[in-house]
Amino acid sequence: MTEYKKYLDEAVKIAKTAGKTIKEAFENRQFISEHLEIKENNSSDLVTATDQYVEKMVKSHLNKVFPTHSFIGEETTAANNMARCELTDNPTWCIDPIDGTTNFVHGLPFTCISIGLLINKEPVMGVIFNPILNDLYTATKNGGAFLNGKPLPLIRPIQPLETLEKSLIITEYGANRNEESVKAKLDTIHQIIKYPVHGIRSFGSAAMNMCYVARGSCDIYYEIGIHAWDVAAATCILKEAGGVVVGWKPYKEVSEPEKKKQKTESSKTEKIDIVNEKFDVLNRHVLCIRQLAEGPEKQNEILAEVRKRLIDCEIERD
Ligand code: IPD
């Protein structure tokens, strides 16, 4: 039993309770359409009454059980005009009540609740529950990762990945549809698809995407624009499944003046210990790879190949 087990048990309990609410609402189409809102005049950024209700419920439960812990949640942040998230070394719960809200609204079953716990800014526990498919992903630092109790990766034996060319990649278009952002995302897809790779997929939930990489069903996932609550739990799950989760450039502590805006020179190839880089959950960029039969050197080599093709654009930190 790891030291994080008590947090895991609590998170599983609350994820299952929330899952009932999410599933009932998912099955009641009329309820969703009557309670649908958009965020900040962006019709591609949806929020439902269920997101808000579930986040309140999870937050008040965690506050009661762990009163000294901090909390970052998607809807709490949105209600606060997307104010900058404060992440300290204190144990911090990082929650997305419904990741894959657009899927939830449309009745596509790739949607889940994501509950992560960070200590010293590092994700040490993750629970992701898709109540429609009844898939419960769990992990604790040094305690392994599981889907419904089965160890991840699910695809065994662990498959090799000789080159980027043989990979199945996941990415997303995200909610930011301004000209610069859309161009950068499409140009990146162009760079990668023409490489060529086996394929590119978009499942519509960052947390689910990372779980499919943790399962071993997809090889790589990258995205710009994700938030801490989309990736906190999944980072622990994927790392515990032998994967690597990093940003688009090597991690460094961000100084105050840099915090406002940041641009990545992702076209430069740095030499390179990508697999041992720290991941900054507030940075809005994610790049990950599954466990490979060949081990960390190959993960490193392939991540470097992907990084060469990622085209960045300006984005505010969480
Ligand atoms: C979004 C989903 C989507 C990803 C966005 C996320 P939400 O989260 O994970 O796949 O492209 O970056 O913000 O809004 O459904 O919680």
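Predicted model: local features only at pLDDT ≥ 70, side-chain atom pairs only at ≥ 80, totals over all residues.
Visitor: How far apart are the end C-alpha atoms of helix H6, and what span should its 15 residues give?
Guide: Helix H6 runs over residues 179–193, and at 1.5 Å a residue its 15 residues should span 21 Å.

Visitor: Around what arc of the H6 axis do its buried residues lie?
Guide: The buried residues of H6 are Ser181, Ala184, Lys185, Thr188, Ile189 and Ile192. They are placed on the same side of H6, because around the axis they cover an arc of only 130°.

Visitor: What covers the buried residues of H6?
Guide: The cover includes both strands and a helix, and these elements come from several stretches of the chain, among them residues 168–170 and residues 296–309. By name, the covering elements include strand S10 (168–170), strand S11 (199–201), strand S12 (220–224) and helix H10 (296–309).

Visitor: Which backbone nitrogen does a side-chain oxygen of asparagine 178 reach at the start of H6?
Guide: At the start of H6, a side-chain oxygen of asparagine 178 comes to within 3.2 Å of a backbone nitrogen. That nitrogen belongs to glutamate 180.

Visitor: Are helices H7 and H8 roughly parallel or roughly antiparallel to each other?
Guide: The axes of helix H7 (residues 206–215) and helix H8 (residues 228–240) come within 8 Å and cross at roughly 10°. In the contact between them, Ala206, Ala207, Met210, Val213 and Ala214 of H7 meet Asp230, Val231, Ala234, Thr235, Ile237 and Leu238 of H8. Since angles under 35 degrees count as roughly parallel, H7 and H8 are therefore roughly parallel.

Visitor: How many of the residues of H7 are buried, and which residue with a positive phi follows the helix?
Guide: H7 is mostly covered, with ten of its ten residues buried, and the buried set includes Asn209, Tyr212 and Arg215. The residue that follows H7 has a positive phi, near 95°, and is glycine 216.

Visitor: With which side chain does the side chain of aspartate 219 make a polar contact?
Guide: Aspartate 219 is found in the loop between H7 and S12, and at a relative accessible area of 8% it is buried. A polar atom of its side chain lies 2.6 Å from the backbone nitrogen of leucine 168. Leaving out residues up to four places away in sequence, aspartate 219 touches residues including Lys166, Ser167, Cys288 and Ile289. The side chain with which aspartate 219 makes a polar contact, at 2.6 Å, is that of arginine 290.

Visitor: How far is leucine 238 from leucine 152 in space?
Guide: Leucine 238 has its place in helix H8 and counts as buried, at 0% relative accessibility. Beyond its neighbours within four places in sequence, leucine 238 is in contact with residues including Met210, Val213 and Ala214, as well as Val244 and Ile289. Leucine 238 and leucine 152 are 86 residues apart in sequence, and their separation in space, C-alpha to C-alpha, is 8.5 Å.

Visitor: Which backbone nitrogen does the side chain of asparagine 130 reach?
Guide: Asparagine 130 is found in strand S6 (residues 122–130), and its relative accessible area of 0% makes it buried. The side chain of asparagine 130 reaches the backbone oxygen of proline 109 at 2.8 Å. The backbone nitrogen reached by this side chain, at 3.0 Å, is that of leucine 133.

Visitor: Is leucine 133 buried or partly exposed?
Guide: Leucine 133 lies in the loop between S6 and strand S7 (135–140), and it touches Pro109 and Tyr212, not counting residues up to four places away in sequence. Buried would require under 20% relative accessible area, whereas leucine 133, at 37% relative accessibility, counts as partly exposed.

Visitor: With which side chain does glutamate 223 make a polar contact through its own side chain?
Guide: Glutamate 223 is found in strand S12, and at 7% relative accessibility it counts as buried. Not counting residues up to four places away in sequence, glutamate 223 touches residues including Glu172, Trp248, Arg284 and His285. The polar contact between side chains, at 2.6 Å, joins glutamate 223 to tyrosine 221.

Definitions and conventions
Residues numbered from 1 in each chain as written. Heavy atoms only, no water. Helix = DSSP H or I, 4+ residues; strand = E, 2+ residues; numbered from the N terminus. Expected span 1.5 Å × (residues − 1). Buried < 20%, exposed > 50% of the residue type's maximum accessible area, 1.4 Å probe, protein only. Arc of directions from axis to C-beta. Contact = heavy atoms within 4.5 Å. Polar contact = N/O pair within 3.5 Å; in protein donor to acceptor, adjacent residues only side chain to side chain. Axes fitted to C-alpha atoms, helices over the stretch in contact; angles between N-to-C directions. Parallel < 35°, antiparallel > 145°, perpendicular 65-115°, else oblique.
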